[in-house]
2 protein chains.
Amino acid sequence: MRIALDAMGSDNAPAIEVEGALAALATLGGTFKLVLVGDRESIEAELSRHADVPSERIEIVHAPERIEMGESPAQAIRRKQGSSIVVGLQLHKQGDVDAFISAGSTGAVMAGSLMILRPLPRVDRPAIGAILPTRSGHVLLVDAGANVDTRPHHLVQFAHLGTIYAQDLMGVATPRVGLLNIGEEPEKGNELAAETHRLLAAEAKINFVGNIEGRDIIAHECDVLVCDGFVGNVLLKFYESVAGFIVQMLRTEAEAASAKLDFTRIFKALDYTEYGGAPLLGVNGVTIICHGGSPPRAIRNAIRVAVQTVEREMVTHIQTRLAKLADAGQVS
Amino acid sequence: MRIALDAMGSDNAPAIEVEGALAALATLGGTFKLVLVGDRESIEAELSRHADVPSERIEIVHAPERIEMGESPAQAIRRKQGSSIVVGLQLHKQGDVDAFISAGSTGAVMAGSLMILRPLPRVDRPAIGAILPTRSGHVLLVDAGANVDTRPHHLVQFAHLGTIYAQDLMGVATPRVGLLNIGEEPEKGNELAAETHRLLAAEAKINFVGNIEGRDIIAHECDVLVCDGFVGNVLLKFYESVAGFIVQMLRTEAEAASAKLDFTRIFKALDYTEYGGAPLLGVNGVTIICHGGSPPRAIRNAIRVAVQTVEREMVTHIQTRLAKLADAGQVS
């Protein structure tokens with residue numbers, strides 16, 4: 001198995017990517033190889049700073065350009081054919097690698113995946129899945145920001161995509177699917193939510209548990225939480241920042257009290273770097289999107305998720321499920 | 001000044017309400033009187049359990065009915081004319097009291113306020129304001145759940161309502177107004193957000209600081225955060241539950257380590273009961289909505305907010321501002 005890693009994506013590229021890549025190779029087990037995509041000279045310089053580089057498992061593919069954060073995603077993908085994102089996705093498209101990971105511009109990674117890998121047959125809108133920690137496990141939020149102004153049938157597709165991801169990657173046999181809403185009753189919420197509720201309730205292949213309010217997310221009342229990408233993105237970014245805020249308050253108080261308290265478990269539970277990036281679900285390939293501010297640990301964990309996603313054949317499972325639904329007349 | 005308090009609203013009514021009322025009278029200062037609305041016998045029984053009841057500052061108005069959580073708000077308001085919510089709001093409408101506070105069904109309090117108090121002239125959609133703690137102060141979220149499927153000009157009205165509230169109740173002379181969105185650039189987000197951004201940027205009387213992402217809320221990048229009630233409600237409930245979740249983890253860890261750490265400041269910062277309920281902005285009166293699960297402290301603080309809202313003449317300020325804008329041709 002070969003995984004492409006955009007070496008120029010993060011705020012501190014390529015140092016972070018190289019460190020994360022080496023950590024993955026050293027600790028994850030398996031025989032996968034990593035293809036580092038980006039400026040060859042910078043990557044080699046970075047690699048030379050580390051001892052014990054397993055060079056037989058690392059390959060560099062040169063990409064002279066870099067897409068910056070402020071650029072228009074679709075334009076940048078079209079114009080910067082030599083960018084690490086375009087080069088990496090082309091490798092994936094051609095079958096040279098089995099997955100692509102980037103901590104670069106989320107918009108560009110998404111646009112590039114849609115334009116180069118293309119959506120899977122019968123997927124109207126690929127969606128970003130994001131994993132949130134809860135009281136007793138994790139919930140997959142779909143869509144965490146790929147689409148705004150979605151229609152009810154898009155949200156039903158997100159439910160299918162999320163179900164497969166939860167089965168393949170989160171180890172949940174029959175994922176409970178919830179609809180993010182502002183009340184428990186089926187008719188509650190905006191037009192999108194009310195109509196989506198009706199559709200999800202009628203979908204035989206989805207284990208729909210009904211509406212999930214903001215306060216129910218943490219209570220882990222579902223494994224897959226379906227929503228429009230606008231709400232999902234606000235929620236995801238808010239959660240990460242709240243966690244950071246509280247952890248900071250905690251450190252300050254603990255320091256003030258000179259307390260020797262071990263917050264490792266709390267920090268781990270709240271730390272998004274544990275979850276290794278967000279999958280772009282519904283494209284014809286494996287794309288994992290990481291934060292621009294990712295530390296090496298997040299890159300390492302994204303590589304773990306990419307390897308598992310390939311091993312467990314998630315893309316095939318999505319295709320099979322959507323084809324069966326189409327045969328049964330359930331997906332237009 | 002006379003403040004009506006729905007004594008039958010909370011999950012543990014009227015015990016909580018009576019305790020909160022007595023705490024307010026004992027600790028807030030001033031000469032306001034409280035009108036407890038609800039089942040006279042239950043309220044008197046509850047009062048008799050306390051010593052030192054300042055009976056000259058407490059009045060009971062009997063209301064034999066109670067609106068339950070599951071009921072359709074508008075229907076319940078029409079049918080249960082003897083309910084504590086309807087009786088309390090009628091007292092306000094008639095000028096017998098200056099404000100109304102309830103921890104009952106949010107939907108019913110809102111529907112009742114709209115039907116009985118009515119919206120102020122030129123307000124299309126009254127909105128719920130909710131105060132969220134941030135790193136360095138508070139932000140008022142408008143709308144926290146009164147309206148879904150809003151139009152851009154509604155959000156502009158929320159910005160005006162929120163600006164007045166922040167000036168009158170939060171002590172901010174020139175409140176920074178942000179628009180909740182999923183990117184910094186003006187054209188980002190869904191159709192609602194993009195068009196609202198354009199309108200807010202053109203509004204001379206609003207100190208618009210642009211788009212605010214989920215992660216910027218905690219950084220306190222604005223004082224008033226404008227959004228659709230669907231997103232606002234999800235965000236508010238999520239925040240409260242996340243805070244509770246983290247505080248619980250914290251207690252568990254601290255107990256396990258037998259650490260003597262004082263988390264008072266953290267708990268206080270995250271504790272919604274500090275903020276004393278959410279104002280319904282834009283109705284012709286003062287309505288404060290509390291959680292069903294409010295402890296006495298939250299009721300006490302809601303009474304404080306109600307007293308201040310009346311003293312500082314917020315409703316008059318809203319009316320004056322909207323009238324001036326209408327004269328200037330800025331509000332349709």
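**Note on the predicted model of chain A**

1. The secondary structure of chain A comprises 11 helices and 11 strands. With a radius of gyration of 20 Å, close to the 20 Å that the globule rule gives for 332 residues, chain A is as compact as a globular protein of that length. Please bear in mind throughout that this is a predicted model.

2. As to overall dimensions, the C-alpha atoms of chain A fill a box of roughly 60 × 60 × 35 Å when taken along the principal axes. Of the contacts in chain A with a separation of 6 or more, 71% are accounted for by residues 24 or more positions apart.

3. Turning to burial and surface, 59% of the 332 residues in chain A are buried, while the accessible surface of the chain comes to about 12900 Å², with 47% of that surface belonging to carbon and sulfur atoms.

4. One residue can be described in some detail, namely A:H92, which lies in helix 4, the element spanning residues 84-93 of chain A. The relative accessibility of A:H92 is 11%, and because the cut-off for a buried residue is under 20%, A:H92 counts as buried.

5. The surroundings of A:H92 can also be listed: when its neighbours within four places in sequence are left aside, A:H92 is in contact with A:V97, A:D98, A:A99 and A:F100, with A:L117, and with A:G285 and A:V286.

How values were computed. Residues are numbered from 1 along each chain as its sequence is written. Chains are lettered from A and ligands numbered from 1 in the order in which they are written. This is a predicted model: local features need pLDDT of at least 70, side-chain atom pairs count only at pLDDT 80 or more; totals for chains, interfaces and linings use all residues. Side-chain values use heavy atoms; hydrogens and water are left out. Helices (H or I, at least four residues) and strands (E, at least two) are DSSP runs, numbered from the N terminus. Buried means under 20% relative accessible area, exposed over 50%, partly exposed in between (1.4 Å probe, protein chains only). Contact means heavy atoms within 4.5 Å. The radius of gyration is taken over C-alpha atoms; the globule rule is 2.2 Å times the number of residues to the power 0.38. Accessible areas come from the Shrake-Rupley method with a 1.4 Å probe; for residues, only the protein chains shown count as cover.
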